[in-house]
Amino acid sequence: MAITLYNQNTPRIRGVLFDMDGLVLDTEKLYTRFWMEACRFYGFPMTRDQALKMRAANARLSEENLRSFFGPTVDYKKCRAKRIELMDAFIEENGVETKPGIFELLDALDTKGIPAAITSSAPKERIEKHLASVNLKHRFAAICSGHEVPHGKPAPDIYLHGAASLGLPPESCLALEDAPTGILAAHRAGCVTVMVPDLDQPDERTQKLLHARADSLLDVIKLL
């Protein structure tokens, strides 16, 4: 395990903002799987690389991505509804898993008196249900959903909302993300950006937006 610093001057961290899928919960692999299955159900052979581009994006960008893959005849709303149906059924039967290090990192934050918030694109009801199922809901001072702000990721709204929910300026908040779209949103908000890669590593463009890259959530403790 390791952490790579792209900026050696780490400011004092007063709050931590957590993405959920692929960072707190090991669910990005499910989004990837069921986007592919949903699109194939309607005759559109989505690849893994295409499914990865659907991560954390707002509805407008997701629809644009889908049309760029398959042309104007693809029905984004139908494909998304099928993805939700398939994924919800899987989770109902199998539950969700946490990512390694989340409990240890939250324990470290508690010890240091640093509050944490969830800043996820998912609906709030789904966030709360999934976190409660793994005994994590009560560990966060605030739960912020992308459905509560005017613009989803990669716009900065959710991270500005998350920092405000903790009563902190964004520049004093560490933003933890696993996907480039989320990193861009956190960077635009002025947060200290740290990527904990899940399904792929940051490309050169994303690296330029990072304060650090951590192999796991355990490594993030070293920044506090």
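**Close-up views of a predicted model**

**View 1. Asn 135 sits in the loop between H6 and S4.** Helices here are DSSP runs of H or I with at least four residues, strands are runs of E with at least two, and both are numbered from the N terminus. This is a predicted model, in which local features need pLDDT of at least 70, side-chain atom pairs count only at pLDDT 80 or more, and totals for chains, interfaces and linings use all residues. Residues are numbered from 1 along each chain as its sequence is written, and side-chain values use heavy atoms, with hydrogens and water left out. Asn 135 is not a glycine, yet its phi is positive at about 60°. Most residues other than glycine have a negative phi, and most peptide bonds are trans. At 53% relative accessibility, Asn 135 counts as exposed (buried is under 20% relative accessible area, exposed over 50%, partly exposed in between, with a 1.4 Å probe and protein chains only).

**View 2. Helix H6 (residues 124-133) has a buried face.** Arg 126, Ile 127, His 130 and Leu 131 are the buried residues to look for in H6. Looking down the axis of H6, these buried residues fall within an arc of 120°, so they line one face of the helix; the arc is that of the directions from the helix axis to the C-beta atoms. What do the buried residues of H6 pack against? Their partners are H1, H4, strand S3 (116-120) and strand S4 (142-145), with contact meaning heavy atoms within 4.5 Å.

**View 3. Trp 35 and Tyr 76 are one of the aromatic pairs, of which the whole structure has six.** Rings of Phe, Tyr and Trp (its six-membered ring) pair if their centres lie within 6.5 Å; planes under 30 degrees apart are stacked, over 60 edge-to-face, and the rest tilted. Trp 35 and Tyr 76 are stacked, at 6.2 Å centre to centre with 25° between the planes. This pair ties together distant parts of the chain: Trp 35 belongs to helix H1 (residues 28-41) and Tyr 76 to helix H4 (residues 76-94), 41 residues apart. Trp 35 counts as buried at 4% relative accessibility, and so does Tyr 76 at 9%.

**View 4. Phe 41 has an aromatic partner in Tyr 42 and a charge over its ring from Lys 82.** Phe 41 is exposed at 54% relative accessibility, while Tyr 42 is partly exposed at 31%. The charged end of Lys 82 sits over the Phe 41 ring, 4.1 Å from its centre (NZ of Lys or CZ of Arg has to be within 6 Å of the ring centre and within 35 degrees of the ring normal).

**View 5. Phe 69 belongs to a ring cluster with Phe 44 and Phe 70.** Phe 69 is part of helix H3 and counts as buried at 18% relative accessibility. Setting aside neighbours within four places in sequence, Phe 69 touches Met 46, Gln 50, Lys 53 and Met 54. Phe 69 and Met 46 are 23 residues apart in sequence but 8.0 Å apart in space, C-alpha to C-alpha.

**View 6. Glu 177 and Val 196 are in contact, and both are buried.** Glu 177 is in strand S5 (residues 173-177), and its relative accessibility is 0%. Beyond neighbours within four places in sequence, Glu 177 has contacts including Asp 19, Leu 23, Lys 153 and Tyr 159. Val 196 lies in the loop between strand S6 (192-195) and helix H9 (204-207), with 6% relative accessibility. Leaving out neighbours within four places in sequence, the contacts of Val 196 include Leu 23, Asp 178, Ala 214 and Val 220. Val 196 and Arg 213 are 17 residues apart in sequence and 5.9 Å apart in space, C-alpha to C-alpha.

**View 7. A cis peptide bond joins Lys 153 to Pro 154.** Omega for this bond is near 15°. Pro 154 is in the loop between S4 and helix H7 (157-165).
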